[in-house]
Amino acid sequence: MNSDIKDRTISALVYLLPLVYALPFGLSLLRQFPLLGIIYAPLTPLITLEFSLPFAGLIVFFGLWFGIVRSDRFTYFVRFNTMQAILLDILLIVCSLVINVLAPGLGRENLLIETLNNTIFLGSLVVCFYAIIQSARGIQAEIPTISDAVSSQIR
């Protein structure tokens with residue numbers, strides 16, 4: 001894939017969105033291992049904005065969807081990575097809904113809920129950092145199932 005520095009930068013930056021959405025899943029892990037918080041220190045302004053403005057996530061979603069994914073001004077590489085970041089975000093939202101349904105019956109401090117949260121958080125970190133590194137290298141990050149869904153949506 002032949003992409004310039006602008007395409008690589010945009011493609012890497014869009015993965016900050018699912019990285020921010022993964023934060024609530026890792027709160028208990030971050031309390032136990034405060035050193036992990038270093039990952040989120042540079043993202044503090046973005047996190048503050050995301051969780052303080054009503055509908056910020058929805059605005060960002062539509063901005064990325066209509067501004068990048070459905071725009072012909074951007075290369076396939078940028079549109080692919082943006083759509084992949086959006087799908088990761090949607091996956092995190094679905095995980096959040098499932099945990100919110102399970103948590104009242106099991107209890108918020110239940111070992112199963114905490115394990116699910118930690119697994120989702122760590123998995124999200126790995127996937128996002130992998131995608132950021134691949135994007136910075138100019139290589140399309142292949143994430144099983146998600147990349148297939150993205151390829152079918154982006155032409």
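Reply:
**The largest nonpolar core**

The largest nonpolar core has 42 residues, and those that touch the most other members are Tyr15, Leu19, Tyr40 and Phe121. Such a core is a set of buried Ala, Val, Leu, Ile, Met, Phe, Trp, Tyr and Cys residues joined through side-chain atoms within 4.5 Å. Buried means under 20% relative accessible area, exposed means over 50%, and partly exposed lies in between (1.4 Å probe, protein chains only). The model is predicted, so local features need pLDDT of at least 70 and side-chain atom pairs count only at pLDDT 80 or more, while totals for chains, interfaces and linings use all residues. Residues are numbered from 1 along each chain as its sequence is written, and side-chain values use heavy atoms, with hydrogens and water left out.

The elements that give two or more residues to this core are H2, helix H3 (27-32), H5, helix H6 (76-106), helix H7 (111-137) and helix H8 (146-153). Helices are DSSP runs of H or I with at least four residues, strands are runs of E with at least two, and both are numbered from the N terminus. H6 supplies the largest share of the core, 9 residues. In soluble globular proteins, nonpolar side chains tend to be buried together.

Which residues does Leu19 contact beyond its neighbours within four places in sequence? They are Tyr40, Leu43, Leu125, Cys128 and Phe129, where contact means heavy atoms within 4.5 Å.

Helix H7 also holds Asn117. With a relative accessibility of 17%, Asn117 counts as buried. Once residues up to four places away in sequence are set aside, Asn117 touches Phe25 and Ile99. Asn117 and Cys95 are 22 residues apart along the chain, and their C-alpha atoms are separated by 8.9 Å.

Aromatic rings come next. The structure holds 5 aromatic pairs. Rings of Phe, Tyr and Trp (its six-membered ring) pair if their centres lie within 6.5 Å; planes under 30 degrees apart count as stacked, over 60 as edge-to-face and the rest as tilted. Phe61 and Phe62 form an edge-to-face pair, at 5.1 Å centre to centre and with 70° between the planes. Why is the pair of Phe62 and Phe66 stacked? Their planes stand at 10°, with the ring centres 5.9 Å apart, so this pair counts as stacked. Phe62 and Phe66 are separated by about one helical turn because they lie 4 residues apart in helix H5. One aromatic cluster is formed by Phe61, Phe62, Trp65 and Phe66.

The exposure of these phenylalanines can be stated for each. Phe61 is partly exposed, at 26% relative accessibility. Phe62 is also partly exposed, with a relative accessible area of 37%. Phe66, at 54% relative accessibility, counts as exposed.

Phe55 lies in the loop between H4 and H5, and has a positive phi of about 65° although it is not a glycine. Its relative accessible area of 63% makes Phe55 exposed. Thr145 sits in the loop between H7 and H8. Thr145 is not a glycine either, yet has a positive phi of about 70°. At 61% relative accessibility, Thr145 counts as exposed.
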